[in-house]
Each structure stands twice: as C-alpha cells, then as structure tokens.
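My notes follow the order in which I checked them.

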Amino acid sequence: MSFFSEFLKNPQMTGAVAPSSRFLTRKMLAPIDFSTTKCIVELGPGSGCFTKKLLESMRPDARLFSIELNPDFVKKLRQIKDPRLTIIEGNALDLPGLVKNRRVDYVISGLPLGGMNKLTVATILQGVRKVLGKGKYVQFQYSPIHHRRFSRMFNISVAFVPINIPPALVYTCTAKPRVSPS
Ligand SMILES: C[S@@+](CC[C@H](N)C(=O)[O-])C[C@H]1O[C@@H](n2cnc3c(N)ncnc32)[C@H](O)[C@@H]1O
C-alpha cells in the first residue's frame, strides 16, 4: 500500500497525492512547546509523517492520540510501536467523544477540509474548539477556501509553505474568548 494508491482509491478522503514534505511537517510542528505538552491529538495522520516527528520530540510522559478514518492507513500506523501513541480508527467528526474528557494541548490536523461540505467542516471545527481549551489547533490547507470560517471561530495566523506537493497554507489557531450574554 502506498499513499498514492490510497489517493487513487479515494481522492476526496485522502486529499493529497503524497505525504506532506519535511518543510510542511516542520512548519506544522513549530507552534508546539514540547517542554510543557502532555496531550496532543492528531487528525488525519495518513502514513504517519507528523506522527513520527511528534513522537521524536514529545516528553516521555506525554500522550499522542492519532485519529484516522482509512483502515489501510490505520494498519500502517499501528506498526509504529510507542507506548505514548494511541491510534484510533475513527472519524474526526466524533473528536470530543473519541478523546473523552482529556485536556488537549494541541490538535495537529492534516484533514482534507477543502473537499468537505460546510456542515462537516463546521462540526469538526466546533469539536476542535470544545477539546482544546487554551491550546492551539494547527491545520494545513491547499487553498484559503475556509479562511473566513477559521477567522470567525479562532484567532489565526497563516504561513505559506511553497515546498510541498501542492504548496500549502498552515493555519495556527487559538480559541477566541467566548462573549457571555449581558
Ligand atoms: C491530506 S492526508 C494527510 C496525511 C498526513 N497527515 C500528511 O500530512 O501527509 C489526509 C488524511 O486524513 C484522513 N481523513 C480524511 N477524512 C477523515 C476524517 N473524517 N476523520 C479522520 N481522518 C480522515 C485521510 O484518510 C488521510 O489519511
């Protein structure tokens, strides 16, 4: 099984022809303060390029929960043997239920949001906001199609990574404080 064959089987769900480049991987992980981080959730790990780099930098007592929908990728990810890693075969739509009541420091996402409908994207983003608290959500995209949705729900900063197939935008998001009704 290869990333490209998974793309051919299901282009919309896989969302890319190749795994993210090391340049994109570095940019995705740059916002993480590994010295204090205890819990990371990864959405759409695919063949595990972020997963492996996360594990290289995580503290011995930190945990990584990687949620992947494609059973072929899940099989491959389960070959990574690390007691800090839990591979969950599931849908990012169910994020809050999948991580139960854990306090999540970072959500790192390779989900192909660009190919999903608005309701699905809104549900995923609400789930991310629910589990995150004060943490950060880092998401790459190949187009700014959801820019307004991100900026309505989060405070965002955006970086461009040209060396990737295709070039990508990295959104680093923190929750906006909720306005309480007066
Ligand atoms: C663009 S690939 C990114 C893979 C990897 N993170 C990378 O950067 O190379 C998107 C991944 O998200 C997974 N995926 C798509 N929809 C999903 C969903 N609703 N829940 C969980 N994973 C999903 C796909 O199976 C695929 O592995």
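Predicted model: local features only at pLDDT ≥ 70, side-chain atom pairs only at ≥ 80, totals over all residues.

I started with helix H3, residues 22–29, where I found Leu-24, Thr-25, Lys-27 and Met-28 buried. I then looked down the axis of H3: the buried residues fall within an arc of 165 degrees, so they line one face of the helix. An α-helix has 3.6 residues a turn, so residues three or four places apart point the same way. On the other side of H3 I noted Arg-22 and Arg-26 as exposed.

Next I asked what the buried residues of H3 pack against. The list I got is H4, strand S4 (106–109), strand S5 (136–141), strand S6 (154–161) and strand S7 (168–175).

I moved on to S2 and counted 5 of its 6 residues as buried. Strand S1 (residues 39–43) pairs with S2 in the parallel sense, over 5 bridges. I looked up Glu-42 and found its bridge partner in S2 to be Ser-66. S1, H4 and S2 form a β-α-β unit, which is right-handed.

S2 also pairs with strand S3 (residues 85–89), in the parallel sense and over 5 bridges. Here Phe-65 stands opposite Thr-86 in S3. I traced the chain from S2 through helix H5 (residues 71–77) to S3 and noted a right-handed β-α-β crossover.

Last, I checked the ligand and found 23 residues surrounding it, the closest being Ser-20, Gly-44, Gly-46, Ala-92 and Gly-110. Helix H2 (11–14), helix H4 (49–57) and strand S2 (63–68) each give two or more residues to this shell. I logged the shell as 14 nonpolar, 8 polar and 1 charged.

Notes
Residues numbered from 1 in each chain as written. Near = placed C-beta within 6 Å. Helix = DSSP H or I, 4+ residues; strand = E, 2+ residues; numbered from the N terminus. Nonpolar A, V, L, I, M, F, W, Y, C, P; charged D, E, K, R; others polar. Buried ≥ 20, exposed ≤ 12 C-beta atoms within 10 Å, placed from the backbone. Arc of directions from axis to C-beta. Contact = placed C-beta atoms within 7 Å. Pairing = 2+ DSSP bridges. Right-handed = clockwise from strand over helix to strand, strands pointing away.
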